[in-house]
Amino acid sequence: MLSIIVAYDQNLGIGIKNTLPWKLSDDLKNFKQVTEHNYIVMGRKTYESIGRPLPNRKNIILTRNSSFKQEKCIIIDSIDKVLNLAKEKPHMEIFIIGGAEIYELFLPHVHRLYITKVNAKIKADAFFPKWQESEFKRIGQRHYAKDQNNEFDFDFEVWEKQV
Ligand SMILES: NC(=O)c1ccc[n+]([C@@H]2O[C@H](COP(=O)([O-])OP(=O)(O)OC[C@H]3O[C@@H](n4cnc5c(N)ncnc54)[C@H](OP(=O)(O)O)[C@@H]3O)[C@@H](O)[C@H]2O)c1
């Protein structure tokens with residue numbers, strides 16, 4: 001099964017200058033808990049913004065650069081390889097973790113969205129694509145209040161594609 005996990009603000013902003021625009025510790029904890037022991041798929045720019053493979057996950061990096069190499073990562077050059085992997089391993093959850101280009105490519109193919117809706121309007125240069133809530137059903141939601149570890153209020157929501 002293919003899933004997207006993303007945090008976006010009220011304008012669907014997800015990043016600025018190849019970094020995350022906020023500090024939300026509890027969101028990072030959720031991200032770790034949800035994605036651990038699964039595949040994660042990211043664009044080369046997001047990989048470079050993280051700077052290392054994320055532990056306890058199979059890291060897949062998408063790039064068109066055939067000489068790009070990273071230890072402990074699977075490097076691929078087309079989304080078809082991920083779509084095939086999802087077909088071959090239907091019992092596994094494969095997480096598309098960004099960024100903007102990669103979300104755009106995979107949004108039509110995913111069954112589940114894990115969305116952190118950040119209660120803010122930040123300056124961004126990377127955005128999540130517009131999506132139709134009517135095509136999905138919300139199956140979970142939890143609110144987090146702003147505190148010393150979380151710069152803004154946010155809601156963590158899980159949505160499933162309607163068949
Ligand atoms: N808030 C969040 O949840 C979240 C999550 C992740 C990332 N982000 C943010 O998103 C921003 C990065 O997003 P981005 O759109 O600039 O970059 P990106 O999606 O991370 O990576 C883009 C790169 O992916 C590769 N690529 C794209 N389409 C491809 C295809 N069809 N086949 C093979 N490779 C392909 C290309 O790599 P090459 O140029 O090497 O060919 C392209 O330059 C950053 O600000 C980051 O912090 C936010």
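Predicted model: local features only at pLDDT ≥ 70, side-chain atom pairs only at ≥ 80, totals over all residues.
**Entry 1: who sits around the ligand**

I started with the ligand and looked up its neighbours. I found 27 residues surrounding the ligand, with Ala7, Arg44, Thr46, Thr63 and Arg64 as the closest. Sorted by class, that shell has 13 nonpolar residues, 9 polar ones and 5 charged ones.

Next I went through some N and O atoms. For alanine 7, I noted a backbone N or O atom 2.8 Å from a nitrogen atom of the ligand. For arginine 64, a backbone N or O atom lies 2.8 Å from an oxygen atom of the ligand. Alanine 100 has a polar backbone atom too, and an oxygen atom of the ligand is 3.1 Å from it.

How much of the ligand does the protein bury? I looked up the area: the ligand taken alone exposes 940 Å², and the protein buries 87% of that.

**Entry 2: where the shell comes from**

Then I asked myself which elements give two or more residues to the shell around the ligand. I wrote down β1 (2-8), β2 (13-15), α2 (44-50) and α4 (100-106). The largest share comes from α4, which gives 5 residues.

**Entry 3: the pocket**

I checked which space the ligand takes, and it is the largest pocket. I noted about 1200 Å³ of space in that pocket. Its lining has 45 residues, and Thr46, Ser49, Ile97, Gly98 and Gly99 lie nearest the centre. Thr46 was already on my list of the residues closest to the ligand.

The elements giving two or more residues to this lining are β1, β2, α1 (25-35), α2, α4 and β7 (112-118). By class, I get 22 nonpolar, 12 polar and 11 charged residues in the lining.

Last, I looked at the backbone. A reminder to myself: most peptide bonds are trans, and most residues other than glycine have a negative phi.

What kind of peptide bond joins glycine 98 and glycine 99? I found a cis one, with omega about 0°. Glycine 99 is in the loop between β6 (94-96) and α4.

My other find is leucine 12, which is not a glycine but has a positive phi of about 65°. I located leucine 12 in the loop between β1 and β2.

Technical notes. Residues numbered from 1 in each chain as written. Heavy atoms only, no water. Near = heavy atom within 4 Å. Polar contact = N/O pair within 3.5 Å; in protein donor to acceptor, adjacent residues only side chain to side chain. Areas by Shrake-Rupley, 256 points an atom, 1.4 Å probe, with all protein chains shown as cover. 1 Å grid on protein atoms, 1.4 Å probe; cavity = no way out; pocket = protein on both sides within 12 Å on 5 of 7 lines; lining within 4 Å. Sits in = over half its atoms within 2 Å of the grid points. Helix = DSSP H or I, 4+ residues; strand = E, 2+ residues; numbered from the N terminus. Nonpolar A, V, L, I, M, F, W, Y, C, P; charged D, E, K, R; others polar. Points joined across faces, edges and corners; volume = space filled by probe spheres on them.
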